[in-house]
Amino acid sequence: MTDAAILTEGLTKHYGDVKALVDLDLEVRMGEVFGFLGPNGAGKTTMIRSCLDLIHPTAGKATLVGLDSHADSVEIRRHIGYLPSDLSMYGDLTGRDMITYFANLRGGVDQNYVDELADRLQADLAKKVGDLSSGNRQKVGLILAFMSRPQLIIMDEPSTGLDPLVQREFQSMMREVAIDGRCVFLSSHTLSEVQRVADRVGIIRSGHLVDVESVGDLRSKAIRSIELHFDSAVDATVFESVDGVRDVMVVDHHATMSFDGQMDALLRVATEHYTLLDVNTQEADLEEIFLEYYRQEGAAL
Amino acid sequence: MLANVFTKSVRDRVSSGLIGALALAATLLFGLWAYKDVDISFYYDLPAAVLELMGIDPETFGVASMAYGAMYDFMGAFIVGGVAISIGAAAIAGEEQVGTFGLLLGNPLSRRDALVSKTASLVLILVLMGVFLWVSAILSAELIGVDTGGVHLGAISVALTLNGLFYGLLALAIGSWTGRRGKASGVAAGVMVLGYLGANLLPLIDQDGLAHLFPWYYYSSNSPLNNGLNMADAAVLGGLSIVCFAFAWVGIQKRDLRDKGAEVTMADRLRANPMTRKMMERIAGSARVSGITVKSASEFQGLLTVTAGIMFYMGFFIPILYNFIPTDFVEIFATFPDALIAMIGGVDMSTPAGFVTGEIFSLVGPIAIIVLLASMGARALAGEEESHTMGLLMANPVSRGEIVVKKALAMVALAVAFGATTALGTWIGSLIGGQDEISLDGIASISALLTLFGLVFGGVSLAVSAATGRRKFATWATTGVALVTWFMFTFLALTESAAAVTNFSPFQWYLGSDPLVNGISWTDAALLGGAFVALVAVSVPLFAQRDLRG
């Protein structure tokens, strides 16, 4: 099996004049959880559907687990699990029937592992899926995606409707796949989840891949939030002169700001003018990084 | 068009009504054109009793009366009724089943407000259909140059609308009480088909009184086309419609509304019962999800049961019924000229085999199997796409071609079950009725050809479904092909200039050799089977080439 779980080269999809995906080059590796981020309509689902040969790209190609997404589409499906967004199922089948049906089509599914997954996700497989809540239906979908221990699991908005406890279990399951040397491709809006489980993220906007970075690199490069407490009232202009400081807000003895410069310089200025009582620094979360990307790219595009 | 529930309901449904009316108007136009050149003088030589039976007034009878009668008495009424049923069933139960009724009632709107708006939209669409058919009937006659003197086009249009309204409101009422769209449309369609059969067959055996029990009787018995609108009949249909509405008015208020969810079937209940669980798991549990073919076939168990059940009942009943037809009638049938026999599908109704062919296999059989297999063909691919399950299915190691072929195999399985049930019912009925003239070989032959005939239309539906991913397109295209080929088989056969076209109609391949009497025509069987295989073969690249929806 190849080292690249997904490899796209110039992948492009147009719907008439609408450019849903533009010249997308992306490599997703085995042994990682890859988060794919982007707002609604950015092209995430189009990318996934192109890779799965559900739609045909206008240009470019995609390789999944070393196989061509179009020519080898059937063989690829032996090695992948897929959970579509806005999951729909055969409402008149029970969860168990659904799993049996797809296990029959796929072959080689270990029923003990299915039971283990159902247990971990607290899934009710006896009820008809048409009678299940969206969260419980989603659990059946997750079992379908994981049950054959595929090399690559592609999931589009998988956490929809899951309660926090199940979300935590689901995140453990994803990490286990990566530890096992397999790959999870996770398209999501739930940035906290991506931050928690993903090794790397790709950010897409208006069909263009904006960046691919490891979560650690992104966060280290990102703006932090700084909160300073003084023994007396302070003036905002003192901090605005420091390189890397922005969005300064002062309320009485407290100053908060966004900062991506040298901490030494900021502390020097702060202590030069006032008596500093406390410093609170918060690492930027993915949501802020994400929003920052869109501010920048929005101006660029 | 999104101003309120009424306008949105009209917007959602008016296209199906107008497409139905347009198809009917187009067929009428062709019908008038074909009839114009037909020598109908033989009608005037028929005995007075036959003319009375056929609702023909010798004073006013002409091309227009014949063509409009052929169009509206049966096909028109079924199309308008079918459209009305689909609107009525979708109105409340349909919204409940897809989960939008709760969303609707999240607004300052009562259940009964919604019911009234939906009912008003149904009435408006049916009135529009009636007006459309009335105008197109007049314009067609003008265009072709046919005299419409003596026919009551306004009356037949009103009767069609009222008849359709009753079945639409019946479906609406059942949907309002149960929240089940399938039940609403199934029961209403069953009442319509049984009503048609009862109203037309019971008078043949002097059971006119019993025929009064069927609503269809109040549409057709007094022939509004030839005699004008019978106000008493119109009042009965109108009154029954009001009763249905009142029923819906009470039902929708009384019960708990359903969220979108699955229907609990008898199989589910048996599966839940510890006594029967093991057996049902084998039959309806893991067995039905063993593969694409079996699962696809199992989804149509309900429709198969209804359609094949009707055919079994008809097959059993008609050969026995023949014995009760007064000799006078049989003799009258025997006097029908060849041209008239050609017009009713080339069957000699004076013989048991002709009567069985005419009553079971000429019209009811084709309609039932087309409904079954066209629905299946449409749902096979487009249905999976529209319900967004195709992506999940395609995540498994199956090619698009394999999916098409396996769905087609499911269609074959259902068609065979339908044909076998029809044959069994007809065979038992013929044995009990003592119809020695009808052989087992003949029954097997006509049933086999009916099976292949149905598969051709299932194949059309599958191909359109594969090409477009839209169930509606597949259903309407198949309906269109069925109407055109039926028209080729019946009307064009009567014209000298276009009679050869008949040879291209699947109806001709199915019934042209009179298989109940003469046994199977292998050429016709090959034509039908070949057409089905070709349509499936075409479906594979059509499905493989395009972007999938859902």
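**Entry 1: ground rules.** I noted that this is a predicted model, where local features need pLDDT of at least 70 and side-chain atom pairs count only at pLDDT 80 or more, while totals for chains, interfaces and linings use all residues. Residues are numbered from 1 along each chain as its sequence is written, and chains are lettered from A and ligands numbered from 1 in the order in which they are written.

**Entry 2: chain A.** I looked up the secondary structure of chain A and found eleven helices and 14 strands, where helices (H or I, at least four residues) and strands (E, at least two) are DSSP runs numbered from the N terminus. The C-alpha trace of chain A spans about 75 × 45 × 35 Å along its principal axes. Of the 301 residues in chain A, 43% are buried, a residue being buried if 20 or more other C-beta atoms, placed from the backbone, lie within 10 Å of its own.

**Entry 3: where the chains touch.** How many residues does each chain give to the contact? Chain B gives 22 residues and chain A gives 27 residues, with two residues in contact if their C-beta atoms, placed from the backbone, lie within 7 Å. The side of chain B that touches chain A has eight nonpolar, eleven polar and three charged residues; Ala, Val, Leu, Ile, Met, Phe, Trp, Tyr, Cys and Pro count as nonpolar, Asp, Glu, Lys and Arg as charged, and the others, Gly among them, as polar.

**Entry 4: H16(B) and H19(B).** I then followed helix H16 (residues 301–322) of chain B to helix H19 (residues 352–361) of chain B, and their axes come within 10 Å and cross at roughly 140°. The two helices are therefore oblique to each other, since angles under 35 degrees count as roughly parallel, over 145 as roughly antiparallel, 65 to 115 as roughly perpendicular and the rest as oblique. Among the residues that meet are Met314(B) and Tyr322(B) in H16(B), and Phe355(B) and Glu359(B) in H19(B). The residues of this contact divide into eight nonpolar, one polar and one charged.

**Entry 5: H22(B).** The axes of H16(B) and H22(B) come within 7 Å and cross at roughly 20°, so H16(B) and H22(B) are roughly parallel to each other. Their contact has 17 nonpolar, nine polar and no charged residues. Just after H22(B), I found Gly434(B) with a positive phi of about 65°.

Technical notes:
Axes are lines fitted to C-alpha atoms, for helices over the stretch in contact, and angles run from 0 to 180 degrees between N-to-C directions. A residue is buried if 20 or more other C-beta atoms lie within 10 Å of its own, exposed if 12 or fewer, and partly exposed in between; C-beta atoms are placed from the backbone.
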